[in-house]
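The structure comes first, and the notes follow.

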Amino acid sequence: MAALPEEPAEVVVKPDPEGVAPPQLPPAGPPAAPPTPADGEAAAGSGGEAALPKPAPPGPAASPAPTDRQTLLAVLQFLRRSNLRESEDILRREARLLGEEVAAAAALSPSAPGAQGTPGGEADASGGEALLSRVVAAAAAGGAAAGSAAVGAAAAPGGAAVAAGPPVKVGSCVPVEDQPDVSAVLSAYKQQGDPALYEEYYSGLKHFIECALDCHRAELSQLFYPLFVHMYLELVYNQHENEAKSFFEKFHGDQECYYQDDLRVLSSLTKKEHMKGNETMLDFRTSKFVLRISRDSYQLLKRHLQEKQNNQIWNIVQEHLYIDIFDGMPRSKQQIDAMVGSLAGEAKREANKAKVFFGLLKEPEIEVPLDDEDEEGENEEGKPKKKKPKRESMGSKSKKQDPNAPPQNRIPLPELKDSDKLDKIMNMKEATKRVRLGPECLPSICFYTFLNAYQGLTAVDVTDDSSMIVGGFADSTVRVWSVTPKKLRSVKSAADLSLIDKESDDVLERIMDEKTASELKILYGHSGPVYGASFSPDRNYLLSCSEDGTVRLWSLQTFTCLVGYKGHNYPVWDTQFSPYGYYFVSGGHDRVARLWATDHYQPLRIFAGHLADVTCTRFHPNSNYIATGSADRTVRLWDVLNGNCVRIFTGHKGPIHSLAFSPNGRFLATGATDGRVLLWDIGHGLMVGELKGHTDTICALRFSRDGEILASGSMDNTVRLWDAVKVFEDLETDDFTTATGHMNLPENSQDLVLGTYVTKSTPVIHLHFTRRNLLIASGAYSPQ
């Protein structure tokens, strides 16, 4: 085998046996710093110090003008009352004010600090603002970032004339470092209020929301969970362990049921030392929790916090939440429940605005030779055959250029070899005999059961022509079976090959070794459980990924390992070949997905953004996009060309375990541990369907070849068939739904179920439609 390139960023093209050099994506170059996990953008304040202006250089500070003195004294009074001694000292030193002056001013001034400006009005406030902004920056550099944030945020509800630097808008984003230092992240939890009042603050907000009008209550209730988490972490960090325990026990039962797993992790953080190095805490702290709220509901909340002077709540809203405000009617409880549940809340609407080329590439024109049957032209009775009318289907590939398709050369794809063209011809012939599925014509289901696997089966895949099936096992083996009478043969040894006449017509048959042909081949090489497997479209190669952190490429001609791709530092959960071959994707415990090419030993792209393990991956039918599902309960769509995240889908209440694109490329189906199948319109970035019925994790999803039926397989030992045409035919993505980012979903999905098929005791972990629309399901028998 030719030597692999030494420079990962260099484009190296290897000539293949047929003389056609596979094209290569533009070089990825030096990897850019990954975006922050929440949404590909940094969140304000998530790095503590980084979000603030740089501290001013040391030097003699000018004394404040007499007109500014009252403003500064008011701010110092506020800092003293809030126990922010460090910030107070820094401000006093900068302003050259003595502590006695502040105390005297506090005794003379009965007004609430920060609530009113000086008699000079805005001019006085602005005079003090520049100095205060500089002082706050210096305080942040000294580790008092939290205290300085309290100045601006706490003063805001009362309409203060003094602000710490530029005013912070709800939902504003400021770039920060991508990998924040733990101490910097935790510094934002320095004491900002009386710990004994935390329960009172939270109870007051809870009472206000519960008494609000029904139309606002559902939206404002989204605040409960993020506020609960941040207030609890603040208490723990400041070593108020008893108050934190009491706060948790009193309010954790009020949170939505789909946050119970997160709350279980949170309950284990009872000391300040526990917070350092805890991934869940860092995720929550460094990514702003996104809430989508109507303008009316937001104004109601803001008015309440201003009236009650609830600075503690308001500060958390400003620092840790991103409120995505939309104009229009508030959403219903059902609409909100369908979309929330991920680690970082909902996706911002702007995250799903980028244009996506979801159409299919134009198929190459290949002349299909007539079959022997067609040449005869007559059947047994001597009558001419009737030609079957061609039927248009939602999943069929048109020879016309799809207006939503990407340019044909947007990413370089390998040219078709003669063997690929022959395979496409066979595919077209099979398609003419394909059964047209629908509610009145359901597919037959063939189930392949792995016996005596002892719960060790961890991955399954089937070739496109349904001739081979592969299983990945916990004992680190990869096993390939032939599911046709044709046995698996490998190429003869070099000594035997030298005896073959290379000019003979049947040379391809002669090089295969009949002596070693068998129904099963076992591939050894991994040193841990094999979690993913994928056949190449031409059936010449097989990918497998493992707990050992590697992805291996196997030859199905010699049944040996060709390459081991090393890039992931932790277990690799899934790998998938592109529909055109050559490229493949992998995702793992390190929270990133990687794009590879078979002839490069370094990844071409690294897709970073998920907050937890990337559990499943899937290529779009046009190969220009990759979908990834994660344990952070989100699905992301990535652009292969530039590595950008172009869609973020939230709504699942558990880790994602299965993905499937519709054959026409317009829709995406996702399945998770919550037992729900969610359907997404890729072009508009909207959820368009919710299919309920499974009672356990959905491990497999697959559309029929025409896209008219969606099959789902679950750990509840069932295969369900859903009417995809009925789900998609009535879609009306008008301007309102696109602007607000939600649709009205039907409450009952039972009328979409076409059939439910139960196995005796076999969880369904893989589904595959043959070219003629026979459904193949597989799983390992699990004795009770």
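## An enclosed helix

A residue counts as buried when its relative accessible area is under 20%. The model described here is predicted. By that cut-off, eight of the 10 residues of helix α15 (residues 311-320) are buried, so the helix is largely enclosed by the rest of the structure. The buried positions in α15 are Q312, I313, W314, N315, I316, V317, Q318 and H320.

## A helix with one buried face

Helix α11 spans residues 260-267, and its buried residues are D262, L263 and L266. Viewed down the axis of α11, these buried residues fall within an arc of 100 degrees, so they line one face of the helix. Exposed residues D261 and R264 sit on the face of α11 turned away from the buried side.

What do the buried residues of α11 pack against? Their partners are α9 (224-237) and α10 (241-251).

## Nonpolar cores

The largest nonpolar core has 44 residues, and those with the most contacts inside it are L223, F228, F247 and L266. Helix α9 gives the most to this core, with 11 residues. Leaving aside neighbours within four places in sequence, F228 is in contact with Y202, F247, F248, F251, H252, Q255, L263 and L266.

## Salt bridges across the sequence

Side chains of opposite charge can pair when their charged atoms come close. The structure holds 28 salt bridges. One of them joins the side chains of R436 and E708, at 2.6 Å from N to O. R436 lies in the loop between α18 (418-432) and β3 (445-450), and E708 in the loop between β26 (698-703) and β27 (709-714), so this pair ties together parts that are 272 residues apart in sequence. R436 counts as partly exposed because its relative accessibility is 27%; E708 is buried, with a relative accessible area of 7%.

D464 forms a salt bridge with R771, and the closest N and O atoms are 2.9 Å apart. This pair links distant parts of the chain, 307 residues apart: D464 is in the loop between β4 (457-462) and β5 (468-473), and R771 is in the loop between β30 (766-769) and β31 (775-780). D464 is partly exposed at 29% relative accessible area, whereas R771 counts as buried at 6% relative accessibility.

## A further pair and a network

D681 and R666 also form a salt bridge, with the closest N and O atoms 3.3 Å apart. D681 lies in strand β24 (residues 676-681) and R666 in the loop between β22 (656-661) and β23 (667-672), so the pair ties together parts that are 15 residues apart in sequence.

Salt bridges that share partners join D423, D464, D465, R539, R705 and R771 into one network.

## A nonpolar surface patch

L520, I522 and Y524 make a nonpolar surface patch of about 280 Å². L520 is found in strand β9 (residues 520-523), and is partly exposed, with a relative accessible area of 31%.

Methods. Residues numbered from 1 in each chain as written. Predicted model: local features only at pLDDT ≥ 70, side-chain atom pairs only at ≥ 80, totals over all residues. Heavy atoms only, no water. Patch = residues over 30% accessible without salt bridge, like charges linked within 9 Å, V, L, I, M, F, W, Y side chains within 5 Å. Areas by Shrake-Rupley, 256 points an atom, 1.4 Å probe, with all protein chains shown as cover. Salt bridge = Lys/Arg side-chain N within 4 Å of Asp/Glu carboxyl O. Helix = DSSP H or I, 4+ residues; strand = E, 2+ residues; numbered from the N terminus. Buried < 20%, exposed > 50% of the residue type's maximum accessible area, 1.4 Å probe, protein only. Arc of directions from axis to C-beta. Contact = heavy atoms within 4.5 Å. Core = buried A, V, L, I, M, F, W, Y, C linked by side-chain atoms within 4.5 Å.
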